Amino acid sequence: MFAPKKSVARAFSAFDKINSTDEIKDVVKNNNLGIIIGKGQAFSDEEMLNVRDCLGYDVSESDVLLLIDTWLNDKMKAYEVDIVTNGADYNKIEENGREKRSTMYEMASNLDYPVIGVTHPCNLGSVNKILGGNTRWLTQSLGDGWGGHDGDVCNPTGATRTTIEFMSDASNVTLFVVSGGHTTAKELEVYHKMGIDIIMLNLNLDSPGEKMARMLGIEMDNLCDI
């Protein structure tokens, strides 16, 4: 199931087929599935200050992404992951031709594994929203939000709900988390309640995801220890 790094990115419109949940169940059957959630947007200037404070030296955003890539690939190798799934986070080509970057896109596209993207239906067919070249399968949620839950942790929504539906036939499921915002915090609640193994990286951002992990008693690796 190995997928080489830096394979050619492609737009949602370039996918000839949108896989059904049952088809994705067949893809993950008898494989070790890694779910990746966490930070979506690019790092702000303030967040980069927090990261530099954590590390104790000056770094660029590219340097930080490289550290995260190293952590993710090492952890997934240790947990013998075969296939990864995420919320089909994308980079967007703006009208002026510039590419609006997503941290989760960068993380997922640099994995040494093939990826199943679970997207909101509103993204299907887009010509200016770009997924990493290692996204080999694309399926859609019901469009009931981006992910997490509806206020009741027993009622998952969006990509979380769809992922839970197809992951049942996997040999093993591990959740990999890199910081994350409010949606990540809700996703953590859902997967924690389900008893899924959670491997998490603390970026020292005091983000909603990091706060929720502390509240749930989830141990986190620290960026400065990579």
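Reader: Is Phe176 buried or exposed?

Author: Phe176 is buried, with a relative accessible area of 0%. Buried means under 20% relative accessible area, exposed over 50%, and partly exposed in between, for a 1.4 Å probe and protein chains only. This is a predicted model, in which local features need pLDDT of at least 70 and side-chain atom pairs count only at pLDDT 80 or more, whereas totals for chains, interfaces and linings use all residues. Residues are numbered from 1 along each chain as its sequence is written, and side-chain values use heavy atoms, with hydrogens and water left out.

Reader: How many aromatic pairs does a search of the whole structure find?

Author: The search finds two. Rings of Phe, Tyr and Trp (its six-membered ring) pair if their centres lie within 6.5 Å; planes under 30 degrees apart count as stacked, over 60 as edge-to-face and the rest as tilted. Phe12 and Tyr90 form an edge-to-face pair, at 6.0 Å centre to centre and with 80° between the planes.

Reader: Where do Phe12 and Tyr90 lie?

Author: Phe12 lies in the loop between β1 and α1 (21-28), and Tyr90 in the loop between β3 (83-86) and β4 (91-93), so the pair ties together parts that are 78 residues apart in sequence. Helices (H or I, at least four residues) and strands (E, at least two) are DSSP runs, numbered from the N terminus. Phe12 counts as buried at 2% relative accessibility, while Tyr90 is partly exposed at 26%.

Reader: And what is the geometry of the rings of Tyr79 and Phe176?

Author: Their centres are 6.1 Å apart and their planes stand at 85°, so this pair is edge-to-face. Tyr79 lies in the loop between α3 (61-78) and β3, and Phe176 in strand β9 (residues 172-178), so the pair ties together parts that are 97 residues apart in sequence. Tyr79 is partly exposed, with a relative accessible area of 34%.

Reader: Turning to the sheet, what is the order of the four strands?

Author: The order in this open sheet is β1-β7-β4-β5, with antiparallel pairing. The edge strands, β1 (10-11) and β5 (99-100), each pair on one side only. Two strands pair if DSSP finds at least two bridges between them. Two bridges join β1 to the antiparallel strand β7 (residues 129-131), and Ile130 in β7 is the bridge partner of Ala11.

Reader: Which ring does Arg10 lie over?

Author: Arg10 lies over the face of Phe15, at 3.8 Å from the ring centre. A charge sits over a ring if NZ of Lys or CZ of Arg is within 6 Å of the ring centre and within 35 degrees of the ring normal. Lys39 likewise lies over the face of Phe43, at 4.9 Å from the ring centre.

Reader: What lines the largest pocket?

Author: Its lining comprises 43 residues, of which Gly38, Lys39, Gly40, Gln41 and Asp89 lie nearest the centre. On a 1 Å grid over the protein atoms alone, a pocket is an open set of points where a 1.4 Å probe fits, with protein on both sides within 12 Å along at least five of seven lines; lining residues have an atom within 4 Å of a point.

Reader: Which element gives the most to that lining?

Author: Helix α6 gives the most, with five residues.

Reader: Finally, where is Ser109 placed?

Author: Ser109 is in helix α4 (residues 103-109) and counts as buried at 11% relative accessibility.
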